[in-house]
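This report goes through one structure, part by part. Please keep the sequence and the 3D view open while reading.

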Amino acid sequence: MTLIELIKDELKEEDKLLLSHLDFSKNDNEIIDSVKLAGLLNFDNNYENQKTK
Amino acid sequence: MKIKKLSKLNNAFSYSFFDWDKVNQINFNDKDGNLKTRDGAFVKNNIFFAENGNGKSKLVNVFKSLNENKNNIEKHRDRAIDVQEIEVILDDDSEINFSTSWSTDSLKDKFIFFDKHFIDGLVHSTGPNNIDTPQRRQQRGRNIVYLGNFAEYNSEIDRVNTFKDTILEKNNTFSKIELSKIEGLLSVGNITNQTLLSKRGEIEVLKKDGLQTKKDELVKLETGLEKLSQALKDKTKISALGSLLEAQDNFSLKIKTIENTVEKEVEFNPTEFLSFTVAKGVQQTLHKIAHKKDFIKQGMEKITDTTTQCPFCEQKIKESDYLQIIKDYQEIFDETFSREEKNIKILLFKYKLLLESLRDLQTPVQNQIFLDEVKKFVTIDEVLPVLSLSEDQKAIIKAEIILVSSKESKILEKVDGSNIEKIKIIITETTTLVTSYNKIVQKINPKIKQLKDDANNGKLETQKSDAETAIRILKDNIFYVNNKEIFVNYFKAVDQEQENKKIVDNLEKIYRAMKIKIVEEFNTFIIDYFSIIQDFVKEISPSMEILEVAGEGSYNRNNREPALCGFRIEYNGQDCSNSLSEGEKQVIALAFFFAHLKKEVNKDKIIILDDPITSFDTGKRKSTAELIQKEVKDFDQLFIFTCDPLFREYCLKQIEDRNFYYIFKTRGSSSIHYVPKNKETIFTSFEEDFKEIENSQGSNENVVIFGQKLRFCLETKIKEDYFGYSEDKLSNMIEQVAGKGKKKFEKLINNKDQILQIYSYCNTGGLAHYPRDGATSWNELKDKVNQYLSLNL
């Protein structure tokens, strides 16, 4: 059993959701993509169409 | 998986050239006379014996390199430029090769080692008073973190932490990029990011409608402020400001009359008095008497209804001829006629005046001067209209004036051509214009008064301050409205950044939970772990004066250090770890190692023990050999390396299913020699080889091999067979000397010189492993070997 599995039951639901994406067989960027897909992270500005003064 | 052979060790550490089959493949006849071949391949348990410097630990290094899948195979010191070649054959006959690197990592993490590194690096005390410092741990080496699953747990924690840092960094970058998009605007607006964020609620509800009105308002406020500043500078000029004058607005065709003693206003009609005239005859008469009108008037006053004689020429008035003349004259000098003529003249005069005032209409010159002065100090939005007729209107008025003048000179003649209807329109329009003008004047004058009052009452300063505040608020408002879209987008990005931050916080929570959990797990784990160590300590060394060996586990991630796991040794309640002897330390180290093996879940490992008993007494050597047999049996394979003959013997006796190997260094190259297991002792095996020496080649290599074997047999046989050197108990040693050995001592004493001569030959120059230049020959060696055999020790 992994350490993450050992602590799982002690976490809140939102943390469990995050934990479900932490597949450490993937690299950080792949995990981030997964978390982004779940809508938990966003590093892209979707509000472009800006104008400058 | 097991290792079957190290079939080639070429230019690796002290193994300059070693070919397994060349050394160990031997053909022999079995008891039935059949020719057999044996190659001495590794079995489950393998025991290596070698004196120091022969290549024992170098072989361990080869295994370590396989375990780490590293290319850290040193070249032989005499073959730095030569290629390397290692060939490992596994029990499924697959090969692993090394030239510059290992061909596969199939043996990576496959080994568990016990050696000096384990003792020095991994086994340590937690120190007195449970205080341990990183420096102390550093001095002793790394901490034990690989126990149980804690290496994996550690890397899990590191991954979560690294992942958290990665997200944090990405989020910071995201935040910086988003901020950089509005930095220019913040600079323009002279506001900080914090101020902008504090105004978020206001900005989000702003609307673009009315923006132009706000801009106009701003211009107005700025103009007002400018004027207020000017007013504050020129207060004396303000007190001298005058009011504007209203324009003349009496453009009316009305005239006041008294009718029945009542005064009333009536509108006169220029058409009527312009068309006023008398009969043609009257006009001619008037023309005739133009210069004697008074005279005629006096005469006419003397004529009555009964008058028959002309009062002027005293002739008789012929009724028919003169009656009409008299009548005309009477009409001329009639009172009504006179009054009417006078009235017409008045009307003509008034009408002309009206026309001239229209013609001369203009803005009061003074007003504009006043207004220009006032406007320096206060904003006057009202615009005074220009009081003037159009050119067409002026032409009409001029023509009408000429007409009126004409009428004045010929009052009894009818004058045509009046433009009275147009004049009336002009009067109406002009009246409207002037009224409007005056209304504006009436609006401006109170402002002038107010300005003067404010200047007198010192209110201008307050007004200036209020104006500045209003300008600032309005400017901000316009700025935020203008850039609302950009700011709202930024706010959304800030929200996203906060959402991302929550994930970082959640990861931090997970990270902390993992740290707490690993400490809990670790402390639970080591209690059990150290109770096993305690048991092993007692088993290895029942007499050791250690009352307690307990685990101390801590897990401080503040310095990103791995878990600390050490032991605490107390005697009478006092820590005594610092006063441990090397032997005691090694007992604990070995106990640690056995506990580790016991806890190891994956039994498909190869166990390597490199001289585990260097500081042990006889009893501990024996108990160690017993424990190895007991604790390692479930693992795939075992390799024990020792330079200790006693421990070697214990291992050979205690460990089942074992092969025994002797490592020699010949001609500068280490080599592994299999010792057949049907021989009770090594020297028995070697003696069998000596008997076959005539069938062996007289190579330099064989000179060295046989020379070493001869020395080993001579020394070991005498030590063990005569003196019981390999016995662990004194009673056994005495029994050996007094019993079996007693009969032999005579032989030993009688052949003392020859024995020492052979031994001296083997130790010549202290280099028994090397042929002597020129002097040593295969025949010399064979002679010594045969002498040894003939002694029948």
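## Terms and model

For the helix pair described below, an axis is a line fitted to C-alpha atoms over the stretch in contact, and an angle runs from 0 to 180 degrees between N-to-C directions. The model is a predicted one.

## A helix pair in chain B

Two packed helices are described by the angle between their axes and the distance between the axes. In chain B, helix α21 covers residues 618-632 and helix α22 covers residues 645-654. Their axes come within 9 Å and cross at roughly 35°. The crossing of α21(B) with α22(B) is right-handed.

On the α21(B) side, the residues that meet α22(B) are Thr618(B), Arg621(B), Lys622(B), Ala625(B), Glu626(B) and Gln629(B). Facing them in α22(B) are Leu646(B), Phe647(B), Tyr650(B), Cys651(B) and Gln654(B). Sorted by class, this contact has five nonpolar, three polar and three charged residues.

## Chain B as a whole

Chain B has 793 residues, of which 29% count as buried. Its secondary structure consists of 28 helices and 16 strands. Taking the contacts in chain B between residues at least 6 apart in sequence, 75% join residues at least 24 apart.

## A three-stranded sheet

Three strands of chain B form an open sheet in the order β1-β5-β6, with antiparallel pairing. The edge strands are β1(B), residues 3-10, and β6(B), residues 95-98; each of these pairs on one side only. From one strand to the next, the twist averages 10°.

β1(B) pairs with β5(B) in the antiparallel sense over six bridges. Within this pairing, Leu9(B) is placed opposite Ile86(B) of β5(B). Strand β5(B), residues 85-90, also pairs with β6(B), in the antiparallel sense and over four bridges. Here Val88(B) stands opposite Ile96(B), and the bridge partner of Glu87(B) is Asn97(B). In a regular strand the side chains alternate between the two faces of the sheet.

## Where the chains meet

In the contact between the two chains, 34 residues of chain B touch 26 residues of chain A. Two helices of chain B, α5 (150-189) and α19 (484-540), each supply at least two residues of the side that touches chain A. The largest share of that side, 17 residues, comes from α5(B). By class, the side of chain B that touches chain A has 14 nonpolar, nine polar and eleven charged residues.

## Confidence in chain A

How high is the mean pLDDT of chain A? The value is 82, and 85% of the residues of chain A reach 70 or more. Over residues 49-53 of chain A, however, the pLDDT is below 50. Beyond near neighbours in sequence, this stretch has ten contacts in the model. Where pLDDT is low, the predicted coordinates should not be read in detail.

Conventions. Residues are numbered from 1 along each chain as its sequence is written. Chains are lettered from A and ligands numbered from 1 in the order in which they are written. This is a predicted model: local features need pLDDT of at least 70, side-chain atom pairs count only at pLDDT 80 or more; totals for chains, interfaces and linings use all residues. A residue is buried if 20 or more other C-beta atoms lie within 10 Å of its own, exposed if 12 or fewer, and partly exposed in between; C-beta atoms are placed from the backbone. Two residues are in contact if their C-beta atoms, placed from the backbone, lie within 7 Å. Two strands pair if DSSP finds at least two bridges between them. A crossing is left-handed if the near helix is turned anticlockwise from the far one by less than a right angle, and right-handed if clockwise. Ala, Val, Leu, Ile, Met, Phe, Trp, Tyr, Cys and Pro count as nonpolar, Asp, Glu, Lys and Arg as charged, and the others, Gly among them, as polar. pLDDT is the predictor's confidence in each residue, from 0 to 100.
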